[in-house]
Amino acid sequence: ITLLRLPENQGKGAAVIHGLEAAEKAGFSHAMQVDADGQHQIDDIALLLTQAEKYPDKLISGQPVYDDSVPKSRLYGRYITHFWVWLETLSFSLKDTMCGFRVYPLKPTLALCRNTAIGKRMDFDIEIMVRLYWAGTASYFI
């Protein structure tokens with residue numbers, strides 16, 4: 001494990017991009033993102049990596065499973081975001097753009113980050129998935 005730090009807080013997106021660049025520099029073709037909010041099934045890491053091997057040109061993403069305890073405001077807020085993403089992409093293929101449990105194919109992701117102004121804060125997760133979709137990189141959800 002390698003700890004990377006930015007000299008000052010530049011936002012989640014900037015931190016993820018910094019990590020993706022470090023992975024590329026280390027010779028990796030893919031990099032995994034796992035938010036530290038405790039919402040993800042860490043046991044699914046192997047499944048995400050297996051799918052990344054099977055679909056190397058796709059962004060591989062988890063998707064949350066909610067039980068009855070989820071606050072309704074959070075659930076409805078996610079669906080509002082889904083609606084806007086589906087409208088912007090004219091597709092239902094992006095099932096959950098807010099999930100922070102992903103495997104990125106580095107080449108198309110970093111090319112997009114270098115050639116397009118991508119949100120550097122909490123907007124990153126949604127924007128990178130939508131822009132990758134527009135650029136021809138599909139997402140696969142588990």
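Predicted model: local features only at pLDDT ≥ 70, side-chain atom pairs only at ≥ 80, totals over all residues.

Student: What makes something a pocket, and what makes a residue part of its lining?

Tutor: On a 1 Å grid over the protein atoms alone, a pocket is an open set of points where a 1.4 Å probe fits, with protein on both sides within 12 Å along at least five of seven lines; lining residues have an atom within 4 Å of a point. The largest pocket is lined by 28 residues, and Leu-4, Gly-19, Met-32, Gln-33 and Val-34 lie nearest its centre. Helix 1 and strand 1 (30-34) are the elements that give two or more residues to that lining. Helices (H or I, at least four residues) and strands (E, at least two) are DSSP runs, numbered from the N terminus.

Student: How many residues of that lining are nonpolar, polar and charged?

Tutor: They divide into 16 nonpolar, eight polar and four charged. The second largest pocket has nine nonpolar, seven polar and seven charged residues in its lining.

Student: Which residues sit closest to the centre of that second pocket?

Tutor: Of its 23 lining residues, those are Gln-39, His-40, Gln-63, Pro-64 and Cys-99. Helix 3 (72-89) and helix 5 each supply at least two residues of the lining.

Student: Why is Asp-125 called buried?

Tutor: Buried means under 20% relative accessible area, exposed over 50%, partly exposed in between (1.4 Å probe, protein chains only). Asp-125 has a relative accessible area of 4%, so it is buried.

Student: What makes Lys-12 and Asp-125 a salt bridge?

Tutor: The rule asks for a side-chain nitrogen of Lys or Arg within 4 Å of a carboxyl oxygen of Asp or Glu. For Lys-12 and Asp-125 the N to O distance is 2.4 Å, and that meets the rule. The pair links distant parts of the chain, with Lys-12 in helix 1 and Asp-125 in helix 5, 113 residues apart.

Student: Which residues are linked with Lys-12 in a network?

Tutor: Asp-35 and Asp-125 are linked with Lys-12 in a network of salt bridges. The Asp-35 to Lys-12 bridge has an N to O distance of 3.0 Å. Lys-12 counts as buried because its relative accessibility is 18%, and Asp-35 does so at 19%.

Student: What about Glu-127 and Arg-131: buried or partly exposed?

Tutor: One of each! Glu-127 is buried, with a relative accessible area of 19%, but Arg-131 counts as partly exposed at 27%. The two form a salt bridge, their closest N and O atoms being 2.8 Å apart. They are four residues apart in helix 5, so about one helical turn separates them.

Student: What makes a nonpolar core?

Tutor: A nonpolar core is a set of buried Ala, Val, Leu, Ile, Met, Phe, Trp, Tyr and Cys residues joined through side-chain atoms within 4.5 Å. The largest one here has 20 residues, and Leu-20, Tyr-104, Phe-124 and Ile-128 have the most contacts inside it. Helix 5 gives the most to this core, with five residues.

Conventions:
Residues numbered from 1 in each chain as written. Heavy atoms only, no water. Nonpolar A, V, L, I, M, F, W, Y, C, P; charged D, E, K, R; others polar.
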